[in-house]
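Hi,

Here is the structure I promised to pass on. Have a look at it first, and then read on for what turned up.

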Amino acid sequence: MENGFLGYNRFLEGEINAFGDTVSEYADRLLYYICTYTKNPTAAEDLMEDVFAELIVRKKFFDTENAFRAYLYKTARNKALNYIKKNARYTDWDDTGQQQEPDEQLLDEQMISRERKELLHTCMAELKDDYREAVYLVYFEQLSYEQAAKVMKKSKKQIDNLLVRAKAALKTRLEREGITNLADF
């Protein structure tokens, strides 16, 4: 992950092409994150581009990669929320259209792993928005509780409470789907 942060620093030092490393590193994850708000992949892509454009225009210096990532996600969140406010109604995004058809030569282990990921994604989509966002930021993006709190405009204790509740809700949903051995996840 450090390549994106280092690329941004090189960009600030005048190496214009280095910004591509930043985009390559963070584009897909930002797109997914924004899409959880907008439920519209096209709008999410536009908003993601706005986040990167803001990095170029503002040219803000960050001491650490964690501070940089927190800024990226906070900016993405704000843009997504502004989009939702402007467009009071939005369409649901059927993510099954985004999934690739399994290759006939995939091993059983790969199929099981994929099915687990899909099930986890489906169960996460059923969580309350705050729960899902906290889980995503802390466990998938590996932001600290403090950074996630900053992005979500909550206290560290609120993030801790959200994660406890989210894990309980996720466990219930996974058990409902027949997953009793959560160590497999």
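Let me start with two tyrosines: Y33 and Y37 are both buried. Bear in mind that this is a predicted model. Y33 and Y37 sit four residues apart in helix α2, so about one helical turn separates them.

Now for the overall picture. Of its 185 residues, 36% count as buried. The accessible surface comes to about 11400 Å², and carbon and sulfur atoms hold 48% of that. If you take the contacts with a separation of 6 or more, 61% of them join residues 24 or more positions apart.

The part I'd zoom in on is where α2 meets α6. Helix α2 covers residues 19-38 and helix α6 covers residues 129-140; their axes come within 11 Å and cross at roughly 170°. Anything over 145 degrees counts as roughly antiparallel, so that is what α2 is relative to α6.

Which residues make the contact? From α2 you have R29, Y32, Y33, T36 and Y37, and across from them in α6 are R132, E133, Y136 and L137. By type, the residues of this contact split into five nonpolar, one polar and three charged.

Then there are the aromatics. The structure holds seven aromatic pairs. In one of them, Y32 and Y136, the ring centres are 5.1 Å apart and the planes are at 45°, so the pair is tilted. With Y32 in helix α2 and Y136 in helix α6, this pair ties together parts that are 104 residues apart in sequence. Are these two tyrosines buried or exposed? Y32 counts as partly exposed, at 25% relative accessibility, while Y136 is buried, with a relative accessible area of 8%.

The two tyrosines I began with form an aromatic pair as well: Y33 and Y37 are edge-to-face, with 5.7 Å centre to centre and 80° between the planes.

Cheers

How values were computed: Residues numbered from 1 in each chain as written. Predicted model: local features only at pLDDT ≥ 70, side-chain atom pairs only at ≥ 80, totals over all residues. Heavy atoms only, no water. Axes fitted to C-alpha atoms, helices over the stretch in contact; angles between N-to-C directions. Helix = DSSP H or I, 4+ residues; strand = E, 2+ residues; numbered from the N terminus. Parallel < 35°, antiparallel > 145°, perpendicular 65-115°, else oblique. Contact = heavy atoms within 4.5 Å. Nonpolar A, V, L, I, M, F, W, Y, C, P; charged D, E, K, R; others polar. Buried < 20%, exposed > 50% of the residue type's maximum accessible area, 1.4 Å probe, protein only. Areas by Shrake-Rupley, 256 points an atom, 1.4 Å probe, with all protein chains shown as cover. Phe/Tyr/Trp six-rings, centres within 6.5 Å; stacked < 30°, edge-to-face > 60°.
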